[in-house]
Amino acid sequence: MKLILAIINRDDANAVTQSLTKAGFSSTKLSTTGGFLMAGNVTILVGVDEEKVQSVIDIIKEHSHSRKELIPTTTEMSYGYYPSMPVEVLVGGATIFVVDIERFERV
Ligand code: 2BA
């Protein structure tokens, strides 16, 4: 069995989880924060048998869109910090980790 952790944009989360449910996969949605942009994103957990991993990834891929985000930057000058042009960062579609599950139980 495998655990899929998928970090996706908040705006895509409902479409992803609804499609997973429709396809018969259980999922858990966590509110998370990216360390770089310090902005909210969503991490979805899906536990599945190994042969279903690709189907889950395909569903996540289908509903996760990449987006351009602008982040403010500053430049250090002799008299302090000066605002510079914002920098564009491409975020997503999805960042996906697949890890082994040693034991799975529902009690
Ligand atoms: P954030 O950490 O907020 O990163 C948002 C986007 O900023 C990233 O998009 C990437 O394009 C850029 N970025 C991140 N770190 C950077 C850096 N040190 N220098 C320049 N640009 C940087 P994605 O790669 O699509 O990642 C989206 C979110 O997925 C991340 O949000 C983070 O929450 C998660 N993530 C990505 N890679 C990860 C990893 N190796 N481990 C854990 N979480 C990861």
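Which elements do the buried residues of α1 pack against? In this predicted model, the partners are the strands β1 (2-8), β2 (28-33) and β3 (40-48), together with the helix α2 (53-63). The residues of α1 (13-22) that are buried are Ala13, Val16, Thr17, Ser19 and Leu20. Viewed down the helix axis, these buried residues fall within an arc of 160°, so they line one face of α1. An α-helix has 3.6 residues a turn, so residues three or four places apart point the same way. On the face of α1 turned away from the buried side sit the exposed residues Gln18, Thr21 and Lys22. Just after the helix comes Gly24, whose phi is positive, at about 90°.

His63 belongs to helix α2, and its relative accessibility is 19%. Because the cut-off for a buried residue is under 20% relative accessible area, His63 counts as buried. With neighbours within four places in sequence left aside, His63 is in contact with Asp12, Ala15, Val16 and Ser19.

Attention now turns to the ligand. The residues that surround the ligand are Ile7, Gly34, Gly35, Phe36, Leu37, Asn41, Val89, Leu90, Val91, Gly92, Thr95 and Phe97. By type, this shell divides into seven nonpolar residues, five polar residues and no charged ones. Two strands, β5 (80-91) and β6 (94-100), each supply at least two residues of the shell, and the largest share, three residues, comes from β5.

For Gly92, a backbone N or O atom lies 2.7 Å from a ligand oxygen. For Gly35, the corresponding distance from a backbone N or O atom to an oxygen atom of the ligand is 3.2 Å. Thr95 takes part through its side chain, where an N or O atom is 3.4 Å from an oxygen atom of the ligand. Taken alone, the ligand exposes 750 Å², and the protein buries 51% of that.

Gly92 is also of interest for its backbone. A cis peptide bond joins Gly92 to Gly93, with omega at about -10°. Gly93 itself is placed in the loop between β5 and β6. Both glycines are touched by Ser66, which also touches Leu90 and Val91, not counting residues up to four places away in sequence. Ser66 lies in the loop between α2 and β4 (67-77). Although Ser66 and Val91 are 25 residues apart in sequence, their C-alpha atoms are 5.5 Å apart in space. Ser66 is partly exposed, at a relative accessible area of 44%.

A further backbone feature is found at Met38. Most residues other than glycine have a negative phi, and most peptide bonds are trans. Met38, a residue other than glycine, has a positive phi, near 55°. Its place is in the loop between β2 and β3. With a relative accessible area of 62%, Met38 is exposed.

How values were computed: Residues are numbered from 1 along each chain as its sequence is written. This is a predicted model: local features need pLDDT of at least 70, side-chain atom pairs count only at pLDDT 80 or more; totals for chains, interfaces and linings use all residues. Side-chain values use heavy atoms; hydrogens and water are left out. Buried means under 20% relative accessible area, exposed over 50%, partly exposed in between (1.4 Å probe, protein chains only). Helices (H or I, at least four residues) and strands (E, at least two) are DSSP runs, numbered from the N terminus. The arc is that of the directions from the helix axis to the C-beta atoms. Contact means heavy atoms within 4.5 Å. A residue is near a molecule or strand if one of its heavy atoms lies within 4 Å of it. A polar contact is a pair of N or O atoms within 3.5 Å; within protein, one must be able to donate a hydrogen and the other to accept it, and residues adjacent in sequence count only if both atoms are side-chain atoms. Accessible areas come from the Shrake-Rupley method with a 1.4 Å probe; for residues, only the protein chains shown count as cover. Ala, Val, Leu, Ile, Met, Phe, Trp, Tyr, Cys and Pro count as nonpolar, Asp, Glu, Lys and Arg as charged, and the others, Gly among them, as polar.
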